Number of protein chains: 2
Amino acid sequence: MAIQWGIAGAGKISNDFVNALKVCPDGHHNVVAVAAASSLVRAQKFADEHNIPIACGSYELLAINPTIEIVYVSSLNPQHFENTKLFLEHGKAVLCEKPLCLNFSQAEELIMLAKKKNLFLMEGLWSRSFPVYKELVEHLKKGTIGKVLFVEAQMGRKLDVERLKLKQLGGGTVLDLGVYVLQLAVLVFGHKYISVQALGHLNEEGVDDSMSCIITYPEHGIAVLSTHTKAELPNSAFIVGTLGTIKV
Amino acid sequence: MAIQWGIAGAGKISNDFVNALKVCPDGHHNVVAVAAASSLVRAQKFADEHNIPIACGSYELLAINPTIEIVYVSSLNPQHFENTKLFLEHGKAVLCEKPLCLNFSQAEELIMLAKKKNLFLMEGLWSRSFPVYKELVEHLKKGTIGKVLFVEAQMGRKLDVERLKLKQLGGGTVLDLGVYVLQLAVLVFGHKYISVQALGHLNEEGVDDSMSCIITYPEHGIAVLSTHTKAELPNSAFIVGTLGTIKV
């Protein structure tokens, strides 16, 4: 039977996500309802465009819909925590856009809640689903490049959008782009780091325009990660092992 | 008239340097003498190979030779300070292999001494003389890539040699390779940094095997530099400006 989806947020990313679901084989995924917290009109427009049966003017209406099994959350960053919490509390599985939350304690609370309720909870980190990552993981497992000692990754684009510049919108390069570079370090070295140092520049709102950090790991591992919203960085990554290098 | 050279150190780098001098137009450079601090035999062998008139068994003999105008110093890192000081005190100009010294105060003392004596003193940072650097400097001056916001450079080679591993030989990746990546940041952003953070791993002798550092500069400049002696890094550099990127 098809997985019954609810879509929380009627913006561009939800649009992309629903379009992506349509590419999946028939009968695997079914979008039941879409909700926009700002207005029913916006939700209805989205529902009409994608032929979705139900449009809701609030996330609560989505949460109490008994048909929905899993909710895709694509609200603004600062709302991810409360939205995801709402759906988990109503027994829905959740696929939440990155960043899952704005800080560690929020993320921890959601994970505890999902565990307690035995519900699927996932951060929508799409790059991990790219074919190149499948290949990368296989090479790391096989030890093609030996023992990994060094990871360098940067991601930077000229992004002149409000949600990135304002603190109240959960802005900043770390929360937007940092996730992509950090997940690579986590993928390669795991969670057990020794030390972290970071520097960067803030904009006039006190939100980070750029960030570079160094993370050291046991057994001589080191990751050097950078993000930027004022410069187009090469957006490349090097994973350097004792026997060779993988460039992504 | 030809510049009269003395060569302090009869090792591989001196060999390369003297060979390089031979490529220069006739009558520009003349190697008068070579000295090896360890033994006259070693100096004599070097002199024979390169057809150098005088071989000395001590640097003092080189320093008091009235014909010599400039000395090329290629001793081990911890000796650079005292050797360079000796030659400056005897009124010789000095081209000293990198790193000029082991710390800031030593370097400052030599620079003050050279200024006081009105003598030429230069660190032998060969990469700055590569044609690509000339081109790079021209592009930076012309503003081809706009205002530079981000520099990333790494240099890493598997170097399993004693002089790099032992503290008493002035070992470590920072003193050996750090010079090359740091000079790029200095070339682009100058000396006025805001903040520096660095992490890395030490070997069993307490000498750095790897180092990564972040340097922030005024007007949103940031440099991310890495060195390694256990891994073959890509040895590339990105200089990212508001209008484009230069890869070296």
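Student: What makes up the area of about 2,900 Å² that chain B and chain A bury between them?

Tutor: In this predicted model, 68% of the area buried between chain B and chain A lies on carbon and sulfur atoms. B:Leu199, B:His201 and B:His220 supply 23% of what chain B buries against chain A, more than any other three residues. The contact takes 38 residues from chain B and 38 residues from chain A.

Student: Which elements of chain B give two or more residues to the side that touches chain A?

Tutor: They are strands S7 (148–156), S8 (195–202), S9 (208–217), S10 (221–228) and S11 (237–241) of chain B, and S8(B) gives the most, with eight residues. By residue class, this side of chain B divides into 18 nonpolar, 15 polar and five charged.

Student: Why is A:Ser210 called buried?

Tutor: Buried means under 20% relative accessible area, and A:Ser210 has 2%, so the residue is buried. A:Ser210 is found in strand S9 (residues 208–217) of chain A. Leaving aside neighbours within four places in sequence, A:Ser210 is in contact with A:Thr173, A:Leu199, A:Gly200, A:His201, A:Thr227, A:His228 and, from the other chain, B:Ile222.

Student: Why does B:Asn118 count as exposed, and why is B:Asn235 called partly exposed?

Tutor: Exposed means over 50% relative accessible area, with partly exposed lying between that and the 20% limit for buried. B:Asn118, at 70%, therefore counts as exposed, while B:Asn235, at 27%, falls in the range between and is therefore partly exposed. B:Asn118 is placed in the loop between H5 and strand S6 (121–124) of chain B, and B:Asn235 in the loop between S10 and S11 of chain B. B:Asn118 has a positive phi of about 55° although it is not a glycine, and B:Asn235 likewise has a positive phi of about 55° without being a glycine.

Student: What is the omega of the cis peptide bond that joins A:Lys98 and A:Pro99, and where is A:Pro99 found?

Tutor: Omega is about -5° for the bond between A:Lys98 and A:Pro99, and A:Pro99 is found in the loop between strand S5 (93–97) and helix H5 (104–117) of chain A. In chain B, the peptide bond from B:Lys98 to B:Pro99 is also cis, with omega near -5°.

Definitions and conventions: Residues are numbered from 1 along each chain as its sequence is written. Chains are lettered from A and ligands numbered from 1 in the order in which they are written. This is a predicted model: local features need pLDDT of at least 70, side-chain atom pairs count only at pLDDT 80 or more; totals for chains, interfaces and linings use all residues. Side-chain values use heavy atoms; hydrogens and water are left out. Contact means heavy atoms within 4.5 Å. Buried area is the accessible area (1.4 Å probe) that two parts lose on being put together, summed over both. Helices (H or I, at least four residues) and strands (E, at least two) are DSSP runs, numbered from the N terminus. Ala, Val, Leu, Ile, Met, Phe, Trp, Tyr, Cys and Pro count as nonpolar, Asp, Glu, Lys and Arg as charged, and the others, Gly among them, as polar. Buried means under 20% relative accessible area, exposed over 50%, partly exposed in between (1.4 Å probe, protein chains only).
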